[in-house]
Amino acid sequence: MRTDFSAFDCAYWQTRYATPGRDGWDAGRITPPLQAYFDQLAVAQQPRILIPGAGRAYEAEYLHQLGFEHVVVADFAPEPLAAFAARVPSFPKENLWLADFFALAPAAPFDLVVEQTFLSALDPSQRPAYAQQCAALLRPAGRLVGLLFDTAFAGATEPPFGGSREEYRSYFELYFQFIHFDTAYNSLPARAGRELFICLQKK
Ligand SMILES: C[S@@+](CC[C@H](N)C(=O)[O-])C[C@H]1O[C@@H](n2cnc3c(N)ncnc32)[C@H](O)[C@@H]1O
């Protein structure tokens, strides 16, 4: 799969992380919709969980605190992974993957892929490939769960890019059944009414 057709490459993201005030997407905490979702997951089943484009990975920190042992954090920018490793030193280092999402080809599939402000970080032309790669990384009946902006960012020339549920549906319906695909009821205040909570099951 091609990975070299985006202007928003590793160097671009490294610069954004290194520039004060350029990480406005970073909530600084796990978002309430994902927190609520993780709270009802069965720790005893120890699912294999992937968080791609994880950035500083507050989701992984929360899952680690809950006792989930098979959580993989993937990002191609070193800065946020280093920040995460410093903040959560007990998280297994082998589960920090410095890698391009589109190049991931793990030996075993995941049960769950978590989406948090990653699709919106990609060049919009990569969205069909994102849906395809999420499906490829999941086992049959595995789930893609998370949040997608359901709003347009007028005039945006760089991430995050907005979108609409109709647009997203066209990418995901090829590979997934829609378990939940609706406006989140428990968003952070700044995102209230402007994001979808999605729970999609691989066909
Ligand atoms: C908008 S940030 C979101 C980070 C985090 N999920 C959050 O909500 O704070 C997008 C992240 O995706 C990473 N990223 C972008 N394209 C990527 C790719 N092709 N492979 C891996 N990581 C990527 C960037 O380095 C950045 O950390």
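Student: Which strands each supply at least two residues of the lining of the second largest pocket?
Tutor: In this predicted model, the second largest pocket holds about 230 Å³ of space, and its lining includes Asp111, Leu112, Arg139, Ala141 and Arg143. The strands that each supply at least two residues of this lining are strand 4 and strand 5 (138-149).

Student: Which element gives the largest share of the lining of the second largest pocket?
Tutor: By class, this lining has 6 nonpolar, 2 polar and 3 charged residues, with Tyr37, Leu41 and Gln201 among them. The largest share, 3 residues, comes from strand 5.

Student: Which residues that line the largest pocket are the closest to its centre?
Tutor: The largest pocket has a volume of about 540 Å³, and the elements that give two or more residues to its lining include helix 1 (10-18), helix 3 (58-66) and strand 2 (71-75). Its lining divides into 22 nonpolar, 9 polar and 9 charged residues. Of the 40 residues in that lining, the closest to the centre are Gly53, Asp75, Thr117, Phe118 and Ala121.

Student: Are helix 2 and helix 3 roughly parallel or roughly perpendicular to each other?
Tutor: The axes of helix 2 (residues 32-39) and helix 3 come within 11 Å and cross at roughly 25 degrees. Since angles under 35 degrees count as roughly parallel, the two helices are therefore roughly parallel.

Student: Which residues of helix 3 meet helix 2?
Tutor: The crossing of the two helices is right-handed, and their contact has 5 nonpolar, 1 polar and 2 charged residues. Helix 2 brings Leu34, Gln35, Phe38 and Asp39 to this contact, where they meet, in helix 3, Glu59, Tyr62, Leu63 and Leu66.

Notes. Residues are numbered from 1 along each chain as its sequence is written. This is a predicted model: local features need pLDDT of at least 70, side-chain atom pairs count only at pLDDT 80 or more; totals for chains, interfaces and linings use all residues. Side-chain values use heavy atoms; hydrogens and water are left out. On a 1 Å grid over the protein atoms alone, a cavity is a set of points where a 1.4 Å probe fits but cannot get out, and a pocket is an open set with protein on both sides within 12 Å along at least five of seven lines; lining residues have an atom within 4 Å of a point. Grid points are joined across faces, edges and corners, and a volume is the space filled by probe spheres set on the points. Helices (H or I, at least four residues) and strands (E, at least two) are DSSP runs, numbered from the N terminus. Ala, Val, Leu, Ile, Met, Phe, Trp, Tyr, Cys and Pro count as nonpolar, Asp, Glu, Lys and Arg as charged, and the others, Gly among them, as polar. Axes are lines fitted to C-alpha atoms, for helices over the stretch in contact, and angles run from 0 to 180 degrees between N-to-C directions. Angles under 35 degrees count as roughly parallel, over 145 as roughly antiparallel, 65 to 115 as roughly perpendicular and the rest as oblique. A crossing is left-handed if the near helix is turned anticlockwise from the far one by less than a right angle, and right-handed if clockwise. Contact means heavy atoms within 4.5 Å.
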